[in-house]
Amino acid sequence: MGLFDLFTAADINKGVEEYRATEGAVLIDVRGADEYRQGHIPGSVGIPLDSIEQVLSAYPKKDTPLFVYCLSGARSGRAVGYLQRAGYTNVKNVGGINGYSGKV
(Lines give C-alpha, C1' and ligand atoms only; values in the text may rest on other atoms or scores of the structure.)
Protein backbone atom coordinates (compact mmCIF):
# COMPACT_ATOMS: atom_id res chain seq x y z
CA MET A 1 0.00 0.00 0.00
CA GLY A 2 1.44 3.34 -1.02
CA LEU A 3 0.90 6.74 0.52
CA PHE A 4 -1.70 7.74 -2.06
CA ASP A 5 -3.72 4.56 -1.37
CA LEU A 6 -4.74 6.15 1.93
CA PHE A 7 -6.56 8.92 0.03
CA THR A 8 -8.08 6.81 -2.75
CA ALA A 9 -11.42 5.15 -2.13
CA ALA A 10 -11.57 1.47 -2.97
CA ASP A 11 -13.69 0.64 -6.00
CA ILE A 12 -16.09 -1.94 -4.62
CA ASN A 13 -17.19 -2.97 -8.11
CA LYS A 14 -13.63 -3.94 -9.04
CA GLY A 15 -13.23 -5.60 -5.64
CA VAL A 16 -16.34 -7.73 -6.14
CA GLU A 17 -15.10 -8.72 -9.62
CA GLU A 18 -11.78 -9.76 -8.09
CA TYR A 19 -13.61 -11.72 -5.36
CA ARG A 20 -15.67 -13.58 -7.98
CA ALA A 21 -12.53 -14.41 -9.98
CA THR A 22 -10.62 -15.71 -6.94
CA GLU A 23 -10.99 -19.40 -6.15
CA GLY A 24 -11.96 -20.08 -2.55
CA ALA A 25 -12.56 -16.40 -1.77
CA VAL A 26 -14.99 -15.17 0.87
CA LEU A 27 -16.85 -11.86 0.66
CA ILE A 28 -17.57 -10.51 4.15
CA ASP A 29 -20.08 -7.75 4.94
CA VAL A 30 -19.13 -6.21 8.31
CA ARG A 31 -22.19 -3.95 8.62
CA GLY A 32 -24.72 -4.64 11.36
CA ALA A 33 -27.20 -7.50 11.07
CA ASP A 34 -30.10 -5.12 10.31
CA GLU A 35 -28.10 -3.43 7.55
CA TYR A 36 -27.24 -6.83 6.07
CA ARG A 37 -30.89 -7.93 6.09
CA GLN A 38 -31.91 -4.72 4.29
CA GLY A 39 -29.67 -5.60 1.35
CA HIS A 40 -26.27 -7.09 0.68
CA ILE A 41 -24.10 -8.24 -2.19
CA PRO A 42 -25.19 -11.72 -3.29
CA GLY A 43 -22.83 -14.39 -2.02
CA SER A 44 -21.55 -12.29 0.87
CA VAL A 45 -21.45 -13.50 4.46
CA GLY A 46 -22.70 -11.14 7.17
CA ILE A 47 -20.27 -10.90 10.08
CA PRO A 48 -20.71 -7.58 11.92
CA LEU A 49 -17.57 -5.68 12.87
CA ASP A 50 -18.33 -6.12 16.57
CA SER A 51 -18.27 -9.90 16.00
CA ILE A 52 -15.31 -10.00 13.60
CA GLU A 53 -13.53 -12.60 15.74
CA GLN A 54 -16.06 -15.13 14.30
CA VAL A 55 -13.93 -15.12 11.16
CA LEU A 56 -11.17 -16.88 13.10
CA SER A 57 -13.29 -19.99 13.65
CA ALA A 58 -15.33 -19.81 10.43
CA TYR A 59 -12.22 -19.48 8.20
CA PRO A 60 -9.26 -20.84 10.17
CA LYS A 61 -6.89 -21.03 7.18
CA LYS A 62 -4.90 -17.79 7.39
CA ASP A 63 -4.30 -17.70 3.62
CA THR A 64 -8.04 -17.75 2.75
CA PRO A 65 -8.73 -14.86 0.36
CA LEU A 66 -11.01 -12.52 2.31
CA PHE A 67 -12.70 -9.52 0.67
CA VAL A 68 -14.33 -7.20 3.20
CA TYR A 69 -16.89 -4.41 2.72
CA CYS A 70 -19.26 -2.24 4.75
CA LEU A 71 -21.29 0.89 3.95
CA SER A 72 -18.50 3.36 3.21
CA GLY A 73 -15.24 1.43 3.66
CA ALA A 74 -14.38 2.63 7.18
CA ARG A 75 -15.62 -0.37 9.18
CA SER A 76 -14.21 -2.76 6.61
CA GLY A 77 -10.85 -1.01 6.98
CA ARG A 78 -10.92 -1.64 10.73
CA ALA A 79 -11.93 -5.27 10.13
CA VAL A 80 -9.04 -5.75 7.68
CA GLY A 81 -6.61 -4.33 10.24
CA TYR A 82 -7.89 -6.75 12.89
CA LEU A 83 -7.68 -9.73 10.52
CA GLN A 84 -4.15 -8.83 9.44
CA ARG A 85 -3.06 -8.55 13.07
CA ALA A 86 -4.67 -11.98 13.63
CA GLY A 87 -2.37 -13.39 10.94
CA TYR A 88 -4.50 -13.40 7.80
CA THR A 89 -2.27 -12.88 4.79
CA ASN A 90 -4.77 -12.44 1.95
CA VAL A 91 -7.34 -9.91 3.13
CA LYS A 92 -8.56 -6.84 1.25
CA ASN A 93 -10.85 -3.90 1.98
CA VAL A 94 -13.00 -3.52 -1.14
CA GLY A 95 -14.85 -0.45 0.15
CA GLY A 96 -18.46 0.45 0.71
CA ILE A 97 -21.70 -0.96 -0.65
CA ASN A 98 -22.92 2.62 -1.17
CA GLY A 99 -20.68 2.65 -4.29
CA TYR A 100 -21.80 -0.76 -5.55
CA SER A 101 -23.61 -0.76 -8.89
CA GLY A 102 -24.68 -4.41 -8.95
CA LYS A 103 -27.78 -6.14 -7.65
CA VAL A 104 -28.33 -6.40 -3.87
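**Close-up views of a predicted model**

**View 1. Polar contacts of the R31 side chain.** In this predicted model, a polar atom of the R31 side chain lies 3.4 Å from the backbone oxygen of E35. The R31 side chain also reaches the backbone oxygen of G39, at 2.5 Å. R31 itself sits in the loop between strand 1 and helix 2 (33-38).

View 2. Is R31 buried or exposed? R31 counts as buried because its relative accessibility is 6%, and buried means under 20%. Leaving out residues up to four places away in sequence, R31 touches Y36, G39, H40, P48, Y69, C70, L71, R75 and I97.

View 3. Helix 1 spans residues 12-21, and its buried residues are I12, G15, V16 and Y19. Seen down the helix axis, these buried residues fall within an arc of 100°, so they line one face of helix 1. They pack against strand 1, strand 3 and strand 4 (91-96). The face turned away from the buried side carries the exposed residues K14, E17 and A21. At the start of helix 1, a side-chain oxygen of D11 comes to within 2.9 Å of the backbone nitrogen of N13.

**View 4. The nonpolar cores.** The largest nonpolar core has 16 residues, and I28, V30, V55, L66, V68, L83 and V91 have the most contacts inside it. Strand 1 (26-29), strand 3 (66-70) and helix 4 (74-85) each give two or more residues to this core. A second, separate core of 11 residues includes Y19, L27, V94 and I97.

**View 5. Contacts of V68.** Beyond its neighbours within four places in sequence, V68 is in contact with several residues, including I28, V30, A79, V80, L83 and V91.

Note on methods:
Residues are numbered from 1 along each chain as its sequence is written. This is a predicted model: local features need pLDDT of at least 70, side-chain atom pairs count only at pLDDT 80 or more; totals for chains, interfaces and linings use all residues. Side-chain values use heavy atoms; hydrogens and water are left out. A nonpolar core is a set of buried Ala, Val, Leu, Ile, Met, Phe, Trp, Tyr and Cys residues joined through side-chain atoms within 4.5 Å. Buried means under 20% relative accessible area, exposed over 50%, partly exposed in between (1.4 Å probe, protein chains only). Helices (H or I, at least four residues) and strands (E, at least two) are DSSP runs, numbered from the N terminus. Contact means heavy atoms within 4.5 Å. A polar contact is a pair of N or O atoms within 3.5 Å; within protein, one must be able to donate a hydrogen and the other to accept it, and residues adjacent in sequence count only if both atoms are side-chain atoms. The arc is that of the directions from the helix axis to the C-beta atoms.
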